[in-house]
Amino acid sequence: MHDAIDTDTRMTHLLHIDASARPGRSGADPHGSHTRRLSHRFVRGWQTARPTDTVTYRDVGRQSPAPVSGDWIRSAFTPPARREPWMDALLAESDRLIEEIEHADVVVIGVPMYNFGMPAQLKAYIDNIVRVGKTFGFDREREGEPYWPMLAGGGKQLVLLTSRGDYGYADRLARLDHATPGVRAAFSYIGIDDALEVAIEYDEFGGDRLAASVARAEAEVDAAVASAMRRMDGMADFTGAPLA
Ligand SMILES: Cc1cc2nc3c(=O)[nH]c(=O)nc-3n(C[C@H](O)[C@H](O)[C@H](O)COP(=O)(O)O)c2cc1C
């Protein structure tokens, strides 16, 4: 039924994920998170232009998925028909998170940089959604490439909104950035490699440099909304509604 719907006119579904351990949004709440600020802006911008599109929200920063365990790995690698009830129970959270990704057209993730990588909560999330037989295939007898992405070809887009305390991750510190590259690698592996990225820098410096970085990032988020919409639906559907 879904396949029969014209992709130019059907509703778009966003999956909005926040991963900062900081609960509020910068600019709105004391000590708030910059990545929450950007992800909120992206989703609000999208909904302003396309109010009938739908959003699922998942706050892994405040409620982390369980990290994978030995029993989880054993369960995931047991073929579904041979799983015992406790195995299905253990994989239930992963099943739910994967369903959300399968259902999403645009996945928007706030990615704080913690010690040059992504937060542990976001890594736990990724370890739950990159799953054999669900989001990637593996067959050691297969000719050529034994691994294949299972979410490829659906036109899904990934939007990564990051923030760092230091500056210069495009040049001066490029070799130290394992935050968004780590997220991109995992999503590309399961077949989502159409990615946009926006970054705030200078959080640990504050002052004018942080303010300028935030302003630039907010403008880039607005452009990212427009760009993602164009790619999703074609120019005709983008209303160009200004963001408050
Ligand atoms: C545990 C922790 C580790 C951090 N590690 C780094 C780092 O390696 N490099 C960096 O530039 N900033 C680092 N920072 C600063 C954060 O990237 C920065 O505060 C960013 O704005 C966090 O995202 P948020 O504002 O959404 O919470 C770290 C912050 C925390 C809390």
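Select helix α7, residues 207-233. Its buried positions are L210, S213, V214, A217, V221, A224, V225, A228, M229 and M232; a residue counts as buried if 20 or more other C-beta atoms, placed from the backbone, lie within 10 Å of its own, as exposed if 12 or fewer do, and as partly exposed in between. Helices (H or I, at least four residues) and strands (E, at least two) are DSSP runs, numbered from the N terminus. This is a predicted model, in which local features need pLDDT of at least 70, side-chain atom pairs count only at pLDDT 80 or more, and totals for chains, interfaces and linings use all residues. Residues are numbered from 1 along each chain as its sequence is written.

Stay on α7 and show what surrounds it. Its buried residues pack against α1 (34-49), β3 (106-112), β6 (157-163) and β7 (194-200); contact here requires C-beta atoms, placed from the backbone, within 7 Å. The expected span is 1.5 Å times one less than the number of residues.

Next select α1. Of its 16 residues, 12 are buried: H34, T35, R36, R37, L38, S39, H40, R41, F42, V43, G45 and W46. The elements covering them include β1, β2 (54-59), β3, β6, β7 and α7. The end C-alpha atoms of α1 are 23 Å apart, which agrees with the 22 Å that its 16 residues should span.

Step back to the loop between β1 (13-18) and α1, and pick R22. R22 counts as partly exposed because it has 17 C-beta neighbours inside 10 Å. Apart from neighbours within four places in sequence, R22 is in contact with H31, G32 and S33. A C-alpha to C-alpha distance drawn from R22 to R175 gives 26 Å, across 153 residues of sequence.

Move to helix α4 (residues 92-103) and helix α5 (residues 120-129), which pack with their axes 8 Å apart at an angle of about 85°. That angle makes α4 roughly perpendicular to α5. Axes are lines fitted to C-alpha atoms, for helices over the stretch in contact, and angles run from 0 to 180 degrees between N-to-C directions; under 35 degrees counts as roughly parallel, over 145 as roughly antiparallel, 65 to 115 as roughly perpendicular and the rest as oblique. To see the contact, show E93, S94, L97, I98 and I101 in α4 with Y125, N128 and I129 in α5. These residues divide into 5 nonpolar, 2 polar and 1 charged. Ala, Val, Leu, Ile, Met, Phe, Trp, Tyr, Cys and Pro count as nonpolar, Asp, Glu, Lys and Arg as charged, and the others, Gly among them, as polar.

Two loop residues come next. Most residues other than glycine have a negative phi. In the loop between β3 and α5, select F116, where phi is positive, near 70°. F116 is partly exposed, because it has 15 C-beta neighbours inside 10 Å. In the loop between β7 and α7, select Y202, with a positive phi near 75°. Y202 is buried, because it has 20 C-beta neighbours inside 10 Å.

Finally, show the whole protein chain. It has 7 helices and 7 strands, in the order β-α-β-α-α-α-β-α-β-β-β-α-β-α. Buried residues make up 36% of its 244 residues. The C-alpha atoms fill a box of roughly 60 × 45 × 35 Å along the principal axes.

Key: Two residues are in contact if their C-beta atoms, placed from the backbone, lie within 7 Å.
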